[in-house]
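Please read them alongside the sequence and the coordinates.

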Amino acid sequence: QVQLVESGGGSVQAGGSLRLSCVASRYTYSRILMGWFRQAPGNEPEGVATFFSGDGRTCYANSVKGRFTISQDNAKNTLYLQIDSLKPEETAMYYCAAATPGAWPSTCLARLGTSLFRYWGQGTQVTVSS
């Protein structure tokens with residue numbers, strides 16, 4: 001079973017930056033979809049960004065394009081999310097997740113869907129003040 005542990009969250013002022021990390025253990029698949037999600041209190045989880053290890057293709061929610069960057073260090077089994085120009089409304093618990101093996105959605109929207117992801121970390125809190 002894949003185990004995921006997030007880190008890097010914190011409290012920042014609007015416009016600030018953070019770099020989130022997700023270390024994956026027991027990761028043995030050469031092709032797997034990884035993603036970052038966030039959930040604010042009272043809201044449904046929201047797909048933020050995904051990374052497909054098979055070809056390096058990325059997908060971003062429209063709201064974060066140009067400000068968030070997802071990447072992966074295969075040697076370290078670590079997924080990253082570089083977050084720039086944070087907004088107060090983006091305060092949330094941020095989770096990394098791994099999709100069910102063999103899940104390769106054809107559209108970006110589909111790749112941001114929570115139903116595709118089987119393994120989840122415990123989350124790291126991001127708080128943005130105005």
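**Notes on the predicted model**

1. Ser-85 has a relative accessible area of 38% and therefore counts as partly exposed (buried means under 20%, exposed over 50% and partly exposed in between, with a 1.4 Å probe and protein chains only). Ser-85 is placed in the loop between S8 and S9, where strands (E, at least two residues) and helices (H or I, at least four) are DSSP runs numbered from the N terminus. The phi of Ser-85 is near 55 degrees, a positive value in a residue other than glycine.

2. The model is predicted, so that local features need pLDDT of at least 70 and side-chain atom pairs count only at pLDDT 80 or more, while totals for chains, interfaces and linings use all residues. Residues are numbered from 1 along each chain as its sequence is written, and side-chain values use heavy atoms, with hydrogens and water left out.

3. Asn-77 also has a positive phi, near 50 degrees, and is a residue other than glycine. Asn-77 belongs to the loop between S7 and S8, and its relative accessible area of 31% makes it partly exposed. As background, most residues other than glycine have a negative phi.

4. Four strands form an open sheet in the order S1-S3-S8-S7, with antiparallel pairing (two strands pair if DSSP finds at least two bridges between them). Strand S1 (3-7) and strand S7 (68-73) are the edge strands, each pairing on one side only. Within this sheet, strand S3 (residues 18-25) and strand S8 (residues 78-83) run antiparallel and are joined by six bridges, and Leu-18 has Ile-83 as its bridge partner in S8.

5. The charged end of Arg-19 sits over the ring of Tyr-80, 4.0 Å from its centre (the criterion is NZ of Lys or CZ of Arg within 6 Å of the ring centre and within 35 degrees of the ring normal).

6. Five aromatic pairs are found in a search of the whole structure (rings of Phe, Tyr and Trp, the last by its six-membered ring, pair if their centres lie within 6.5 Å; planes under 30 degrees apart count as stacked, over 60 as edge-to-face and the rest as tilted). For Phe-52 and Trp-104, the ring centres are 6.2 Å apart and the planes stand at 75 degrees, so the pair is edge-to-face. Because Phe-52 lies in strand S5 (residues 46-52) and Trp-104 in the loop between strand S9 (92-99) and helix H1 (108-111), the pair ties together parts that are 52 residues apart in sequence. Phe-52 counts as buried at 14% relative accessibility, whereas Trp-104 counts as exposed at 53%.
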